Amino acid sequence: MRWTCEYLMHPHLLSPSNLTRNLINTYKFAFLHIQHSSLVNGDSTYESKMKTLHANLIKNGSLLHNLQVGNRLLNLCVESLNFGYAQKLFDEMLYRDVRTWTIQLSGFARVGSFSSALDCFRRMQNECVWPNNFTLSSVLKCCSSLYELRIGKSVHGWIVTSGIGLDVALENSILDLYVKCEAFDYAKKLFELMEDRDNVSWNIMVGAYLHIGEVEKSLCLFERLPEKGVASWNTIIDGLMKNGFQGIALELLYRMIISGHVFNKVTFSIALNLASSLSNVELGRWIHACVLTFGVQDDRFIRNSLIDMYCKCGEMEKASVLFQKVSRDFVRTRNSKTSCEAEIVSWSSMISGYVRNGEYDDAFKTFRSMVCEQVGMSKFTLTSIVSACANAGILELGRQMHAYIMKVGHKIDAHLSSSLIDMYAKCGSLDDAWNIFNQTDSLNVVQWTSMISGCALHGQGREAVKLFEHMMKKGVRPNEVTFIGVLTACSHAGLLEDGCDYFKLMKGHDLKPGFEHFACMVDLYGRAGRLNEAKEFIYNNSLSHLSAVWRSLLSSCRLHKDFAMAKWVSEKLPQHEPCDAGPYILLSNMLATEHKWEESAKVRSLMQLRGVKKHPGQSWIQLKNLVHTFVAGDRSHPQDTEIYSYLERLIGRLKEIGYSSDVQMVIQDVEEEQGEVFLSLHSEKLALVYGIISTPCGTPIQIMKNLRVCTDCHNFIKCTSKLLDREIIVRDIRRFHHFKHGRCSCGDYW
DNA sequence: TGGTTATTGG
């Protein structure tokens, strides 16, 4: 190998008589040798060696006089993805035939330059080179990738009129073009007219029916297939899953196995995807075991599917182990385009996995390494990271990400714009959310929903309702999530009648209310003070097994001070969710308000006995580039002496303007005075005080909290906003509270 | 012919 390479570096050693098949092979070896040493041994002289090789090739001009030799070399360049050299060689070749053009054209198609491939086809036609079936297949593939139905149809027309021999493969390409371009009628007609149909033709049609959601027809077609190949099974299982028929998909996978079909690489990907969409980690693990048995664990698609499956099943550690292995391998193969794409997918999967599992810090860390290691960004990565900013509520980071996206020059597509709208809304800047919303040209249902939910989040119920009406007028169909948004808005703004109307409207849109919608309705009745109607609604709709609706009713009871019903409800709660700490705390809280300390303590010990852990309350505030997090009674902050002494003085001054601690929220068996002390140390108060002492007078302060804000803290913040004349914004787990001049945007209704 | 990653709610 080394000898051949050195030999080629000295062209004077070449004699014209060597211009034979052997020479081509020698070039082939040299090519592969240079590429191999660059990829595996990290040889940095790759570029210069290739240049030398190429120069020698050109110098030995006779090579380019021989069409056969030229074509073979061109093919070699294309196959090894050395596209720059392929282009040079193509331009320098003296003679070109249909094969030369086809190699070049399919080369463009292979690296995803479909437009260049079509240009190549046009030039070829201009030079009156008659295409063959391979050329046409490639051209049709380019058309379908570019959704170029018009060009595709003209190619079809040309094929028919030119009298070129049509074979099944070419007809299948046309069929596939029509399906991909959603010209389903054309596809159906062509399929009916086809004299020879092979398995591929049938599979394309099965896939086509699945694509347009005609699941039953696709199943019929599938069952009619006389010999079902692995590809047929793959198509039907994948399509069923994508149409939301996970159960049938799983059944078919089982049927496929027991009828003796052996999985191929595609089957593994699909099966892993099925496992994650069912959140069935056992199935996922079983498939992982099969992957290892078959020895296909190094396939990039399968690896990524494995990572994604573990991410979606919440097993981030397992995903991370696989990911580390992948990224080690990728370092060595960075040069090829396909491996780059596969690498980006695995990074994206990891980031979205961390976001999905609420591990935002890890998501940010992964993103940072991705930037440092100069891995290319995809819109998937960016969308996930914006969503991480949204959920973590870190406005400054969100803004930086937005700026980064603009700087990199990424196009803001529908997914990105909806996640940006959502991010700004969730990070407290509704104005920025509106800016993105107003700048978007054709709004889809997700973007409308993000904006509607954003308004609801900020207590702008009427604005949300207006938006919803506007959206309907524009002819955009609301989905289930849109209704959750608009119902929440009605509930937060106390718009009982509108809420009931919208709930009824769901039927008109063929949408079945889920438990979230029912919970919104219970909330709506409850907040409006219609506690009995809320209770009736629960029983009339058989919702009594859902703890979410009882919890919502309980909050309303507290709001309207109906202690009798509150106690009745809070006793029901732990039965439904024995592992959730919330109901126990609420119940013991209710008992404590009636000074029934013993019973309250019993509930607490029952909770301990069952090993239920309380979710610790946390509040955080971002100042400059740092996020400061506090828990109740936190003494770990470096400025804690300052914080505590300011807090004490502040409470004293607030009392002078009428603030008093709301001891009803005390959840421990303590005396009032002690209770007051305990309340004063809630995490949001600490975060607020830290914000006050760290910023100039009059600066608005924004705090985030992972639980709902309690009545006492709500009161405390209201009074503080009045006393210090500061705008204070608090995001709790459900909504935003904008405090100004002693009032809150929620109207004390949350 | 078929396979992996993203947005609104929970």
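**Helix pairs and loops**

Mentor: H26 and H27 are roughly antiparallel to each other, because their angle falls over 145 degrees. Keep in mind that this is a predicted model.

Trainee: At what angle do H26 and H27 pack, and how far apart are their axes?
Mentor: The angle is about 160°, and the axes lie 11 Å apart. H26 covers residues 430-439 and H27 covers residues 445-457.

Trainee: Is the crossing of H26 and H27 left-handed or right-handed?
Mentor: The crossing is left-handed.

Trainee: Which residues in H26 and H27 meet?
Mentor: From H26, Leu430, Ala433, Trp434 and Phe437. On the H27 side they meet Gln447, Trp448, Met451, Gly454 and Cys455.

Trainee: How do the residues of that contact of H26 with H27 divide into nonpolar, polar and charged?
Mentor: Seven are nonpolar, two are polar and none is charged.

Trainee: Moving on to H32 and H33. What is their packing angle?
Mentor: About 175°, with the axes 10 Å apart; H32 is residues 531-540 and H33 is residues 547-559. That angle makes H32 roughly antiparallel to H33.

Trainee: Which residues make the contact?
Mentor: H32 contributes Leu531, Ala534, Ile538 and Tyr539, and H33 contributes Val549, Trp550, Leu553, Ser556 and Cys557. By class, eight of the contact residues are nonpolar, one is polar and none is charged.

Trainee: Which residues of H33 are buried?
Mentor: Ser547, Val549, Trp550, Ser552, Leu553, Leu554, Ser556 and Cys557.

Trainee: How many residues does H33 have, and what is its reach?
Mentor: H33 has 13 residues and spans 18 Å from first C-alpha to last, close to the 18 Å expected at 1.5 Å a residue.

Trainee: What follows H33?
Mentor: Lys561 follows H33, and its phi is positive, near 55°.

Trainee: And Ser542, where is its place?
Mentor: Ser542 is in the loop between H32 and H33. Its phi is near 50°, a positive value in a residue other than glycine.

Trainee: Is Ser542 buried or exposed?
Mentor: Ser542 counts as exposed because its relative accessible area is 51%, and the cut-off for exposed is over 50%.

Trainee: Last topic, Ser279. Where is Ser279 found?
Mentor: Ser279 sits in the loop between helix H17 (265-277) and helix H18 (281-294). Phi of Ser279 is near 50°, again positive in a residue other than glycine.

Trainee: What is the relative accessible area of Ser279?
Mentor: It is 53%, so Ser279 is exposed.

Definitions and conventions: Residues numbered from 1 in each chain as written. Chains lettered and ligands numbered in written order. Predicted model: local features only at pLDDT ≥ 70, side-chain atom pairs only at ≥ 80, totals over all residues. Heavy atoms only, no water. Axes fitted to C-alpha atoms, helices over the stretch in contact; angles between N-to-C directions. Helix = DSSP H or I, 4+ residues; strand = E, 2+ residues; numbered from the N terminus. Parallel < 35°, antiparallel > 145°, perpendicular 65-115°, else oblique. Contact = heavy atoms within 4.5 Å. Nonpolar A, V, L, I, M, F, W, Y, C, P; charged D, E, K, R; others polar. Expected span 1.5 Å × (residues − 1). Buried < 20%, exposed > 50% of the residue type's maximum accessible area, 1.4 Å probe, protein only. Left-handed = near helix turned anticlockwise from the far one by under 90°.
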